Amino acid sequence: MFEFKLPSLGADMDEGKLLEWLVHPGDEVKKGQVVAIVDTSKAAVDVEIWQDGTVHELLAEPGMKMPVGTVMATLLEPGEAPPTKTARRKVAKAVPSAVPAGEAPVAAAAPAQAAAPAAAGRLRVSPAARKRAGALGVDLAALSGSGPGGAVTLDDVERAAATARPTAPPTVVAVTPISAAERQAETRRAIAAAMSRSKREIPHYYLFEAVPMARAQDWLTGANDGRPITERLLMAVLQLKAVALALRKYPELNGFYRDGQFVAGQGIHVGVAISLRQGGLIAPALHDVDEKPLDALMRELTDLVRRTRAGSLRSSEMSDPTVTVTNLGEQGVEAVAGVIYPPQVALVGFGRIAPRPWVREDSGELCVMPAVTASLAADHRVSDGHRGALFLAELRELLQRPEEL
């Protein structure tokens, strides 16, 4: 048996609220299958399971707010038989997102003895048992629990359903949706916490490189000639692919700083910084960018931006980025000095492509050249300026050979 815990869906996530389960006890699930929808401070995210198994018990209920790492469910390994009795598990620190109507909140500073009478009369029921009782119409108040401390378990509910006449199911209390203003406030708080942590803990260093873009622009114009508008490549895709290929040579910029040491990324999964319509920023991953052709990357990028702004992301897209790329050229800025998303160790930025006075390296001729400023923010605990400079030089050279990307 293994535990399914609420994953961290980004550096700025400390907790999440379960909106919906998409599976039930007894369902078989496959690795990568979406099993739940969790609301973070930025969006509702489809949460995937990380291994095959059979759902044994759902321990969290919709509407429950939980810290990252809380056990949400237990699952059986493939071929594993269920235990004879369902063990009651407590959802650590999980609390409902709202106090039900008509129920007074408990004062945080109330004396322990004042709370004792209420605790004594409260029926102890596991979340899975409560949910199953509602589905079967079983009256929980009439049951005698067989679990620890007299708690009513899933087995108790199933036995009662087999022998007793079902009663009417309880009324379902709808969870009030969060308003746009509340969502924006939560997003800003989450970003503030993550970026404050980044600047407090990560010793950043910054490097900048002017990159001539005439060859890339000419190649892109030719590649898009005759294509429908919906299939044309954007310069952003060339930049993403060039970053990923450069990271192959400088892997110390692709990964995480955890427990006092660098952990290399398993693949080059580029987090793409995308602005949200309600305000704020989110950086979901494009997976294995170095291995994909430009056409495939363009389709995936278009789909990722659309789903991000529609609030339809998957948990792997939120938790997998090994490096982040931000492009503010459309906003007209010349350069970006970004803040690293912990626990990542680097962030690459691009400003606008604009004509600049330029001296050709081959002839020494003065000309006007379209160029962009590429920047690197990197973690000095993992790399130094020498390696960072070589990375930017490699990025520059790759963009001079767009036909090889």
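Reader: How many helices and strands does the protein have?
Author: The model is a predicted one. Its secondary structure consists of 9 helices and 21 strands.

Reader: What share of the residues counts as buried?
Author: The protein has 405 residues. Residues with under 20% relative accessible area count as buried. The buried share of the protein is 45%.

Reader: At what angle do helix α6 and helix α9 pack, and which class does that give?
Author: Two packed helices are described by the angle between their axes and the distance between the axes. Helix α6 covers residues 235-249 and helix α9 residues 385-399; their axes are 9 Å apart, at an angle of about 135°. Angles over 145 degrees would count as roughly antiparallel, and 65 to 115 as roughly perpendicular. The angle therefore makes α6, relative to α9, oblique.

Reader: How do the residues of the contact of α6 with α9 divide into nonpolar, polar and charged?
Author: On the α6 side the contact includes Leu238, Gln239, Ala242 and Lys249. On the α9 side, Arg387, Phe391 and Glu394 are among the residues in contact. The division is 10 nonpolar, 1 polar and 3 charged.

Reader: How many aromatic pairs are there, and which residues do ring pairs link into a cluster?
Author: The count comes to 3 aromatic pairs. The cluster linked by ring pairs is made of Phe2, Phe4, Trp21 and Trp50.

Reader: Are the rings of Phe4 and Trp21 stacked, edge-to-face or tilted?
Author: A pair of aromatic rings is described by the distance of the centres and the angle of the planes. For Phe4 and Trp21 the centres are 6.5 Å apart and the planes stand at 55°. Stacked needs under 30 degrees and edge-to-face over 60. The pair is therefore tilted.

Reader: How many residues apart are Phe4 and Trp21, and where do they lie?
Author: Phe4 belongs to strand β1 (residues 2-5) and Trp21 to strand β2 (residues 15-21). Phe4 is buried at a relative accessible area of 1%, and Trp21 is buried at 8%. The pair links parts of the chain 17 residues apart.

Reader: Which arrangement do the rings of Phe4 and Trp50 have?
Author: Their centres lie 5.0 Å apart. Their planes are at 25°, so the pair is stacked.

Reader: Is Trp50 buried, partly exposed or exposed?
Author: Trp50 lies in the loop between β5 (44-48) and β6 (53-58). Its relative accessibility is 37%. Buried requires under 20% and exposed over 50%, so Trp50 counts as partly exposed.

Key:
Residues are numbered from 1 along each chain as its sequence is written. This is a predicted model: local features need pLDDT of at least 70, side-chain atom pairs count only at pLDDT 80 or more; totals for chains, interfaces and linings use all residues. Side-chain values use heavy atoms; hydrogens and water are left out. Axes are lines fitted to C-alpha atoms, for helices over the stretch in contact, and angles run from 0 to 180 degrees between N-to-C directions. Helices (H or I, at least four residues) and strands (E, at least two) are DSSP runs, numbered from the N terminus. Angles under 35 degrees count as roughly parallel, over 145 as roughly antiparallel, 65 to 115 as roughly perpendicular and the rest as oblique. Contact means heavy atoms within 4.5 Å. Ala, Val, Leu, Ile, Met, Phe, Trp, Tyr, Cys and Pro count as nonpolar, Asp, Glu, Lys and Arg as charged, and the others, Gly among them, as polar. Rings of Phe, Tyr and Trp (its six-membered ring) pair if their centres lie within 6.5 Å; planes under 30 degrees apart count as stacked, over 60 as edge-to-face and the rest as tilted. Buried means under 20% relative accessible area, exposed over 50%, partly exposed in between (1.4 Å probe, protein chains only).
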